[in-house]
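Work through the exercises below with the sequence and the coordinates open. Each task is followed by a stepwise solution.

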Amino acid sequence: MVETTADSDLLDLRKGRPAAGQDPVKRAQIIEGARRVFIDKGFEAASMNDITREAGVSKGTIYVYFENKEELFEALIEEERGTIFKNLYEVLDHFEDLRKTLVKFGMGLSAKITSAKVIQAQRTVVGAADRIPELGARFYERGPKRGHDKVMAFLNQAVERGLLEIDDVDLAAYQFTELCLAGLFRQCIFSYRTKAPTQAEIERVVTSGVDVFLKAYGTAKFLAEERAHAETA
C-alpha cells in the first residue's frame, strides 16, 4: 500500500507531531534565518539556498513551508509588523482629551516608524518593489493603509463630536501622520541619521505637529473645552 501525503499527515498528528508545514517552531526557525539573510544581503541578493543554510534546514523542508522567496519575505514582514505595531492603534479606540490622544498616538507612531527594525524593513520592501510591484502594493495595503484607515475613523469620530471641522478626512489623516514624522523619517530612511530619534526629539516634533493640526482643524467647541480643562487643571 502506498502512503499518501494526507495519510502521512494523519499519522504525524496521531503520533503528536505537527503535520508537514504546520510546525510553528520550524516555521519560526526558517523565518529567523530569512531575517538575518535579508538584513545582510537585501531582498534581491538573498537566495533560498542562503536562507536554507542560515536557518539550518533542508531545501525540501523550506519549500514545504514557503513556495518561494517572495512568500517567505511577506511572511517575515507580516510577523514583524504584528510584533512591532501591536496595540499601537488601541489609543484611538477611546479618548477623553483630543489633544492628549493625538500626542500619545503620534509619539507611539513616530517611535515605531523611525525604529531601526522598521526602517530596515521599509528599505528592503522598497528595493524589492521595483522588481515585484505587487509585493510593495500588498505591503502598503496590509500595513500603512490599514493604519491610515484607523486614523481616518478616529478623525471622523472627532468631527462627529464637533471637535474638528474637516472637509477631506482622508487628506487630513495623511497630513497628521506626516506632521508627526516631520524631519525624522527621511533622515532615518536615508541614513542621514544613524540612530533612532530620542523620546525628547519625538515629543518636540509630535507636540508641535499636533498643535499645527488642531489650529488648522480644531473647532470653537474644541477650543472652549481646552480652555475649560486648563482652568480646572
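**Exercise 1. Helix α8**

Task: find which helices the buried residues of α8 pack against, and state how those residues are arranged around the axis of α8.

Solution. 
- Step 1. The model is a predicted one. In it, the buried residues of α8 make contact with α2 (24-45), α5 (69-84), α7 (116-129) and α9.
- Step 2. Helix α8 spans residues 133-142, and its buried residues are L135, G136 and F139.
- Step 3. These residues cover an arc of only 100° around the axis, so they sit on the same side of α8.

**Exercise 2. Helix α9**

Task: compare the span of α9 with the expected one, then locate its buried face.

Solution. 
- Step 1. Helix α9 runs over residues 144-160, 17 residues in total. From first C-alpha to last it reaches 24 Å, close to the 24 Å expected at 1.5 Å a residue.
- Step 2. List the buried residues of α9: G147, H148, V151, M152, F154, L155 and A158.
- Step 3. Look down the axis of α9. The buried residues fall within an arc of 165°, so they line one face of the helix.
- Step 4. Identify the partners. The buried residues of α9 pack against α6 (98-113), α10 (169-180) and α12 (199-217).
- Step 5. Check what follows the helix. After α9 comes G162, with a positive phi near 80°.

**Exercise 3. C180**

Solution. 
- Step 1. Set aside neighbours within four places in sequence. C180 is then in contact with G106, S110, V205 and V206.
- Step 2. Compare sequence and space for one pair. C180 and D211 are 31 residues apart in sequence, and their C-alpha atoms are 11 Å apart.

**Exercise 4. Annotated spans**

Task: give the helix content of the two spans annotated in the UniProt record.

Solution. 
- Step 1. The unreviewed UniProt entry annotates residues 24-84 as "domain: HTH tetR-type". This span is 87% helix and 0% strand, with end C-alpha atoms 19 Å apart.
- Step 2. The unreviewed UniProt entry also annotates residues 47-66 as "DNA-binding region". Residues 47-66 are 75% helix and 0% strand, and their end C-alpha atoms lie 13 Å apart.

**Exercise 5. S191**

Task: where is S191, and what is its phi?

Solution. 
- Step 1. S191 is in the loop between α11 (185-189) and α12.
- Step 2. Recall the background: most residues other than glycine have a negative phi.
- Step 3. S191 is not a glycine, yet its phi is positive, about 65°.
- Step 4. With a relative accessible area of 40%, S191 is partly exposed.

Conventions
Residues numbered from 1 in each chain as written. Predicted model: local features only at pLDDT ≥ 70, side-chain atom pairs only at ≥ 80, totals over all residues. Heavy atoms only, no water. UniProt positions renumbered as here; feature names shortened; annotations may be inferred. Helix = DSSP H or I, 4+ residues; strand = E, 2+ residues; numbered from the N terminus. Expected span 1.5 Å × (residues − 1). Buried < 20%, exposed > 50% of the residue type's maximum accessible area, 1.4 Å probe, protein only. Arc of directions from axis to C-beta. Contact = heavy atoms within 4.5 Å.
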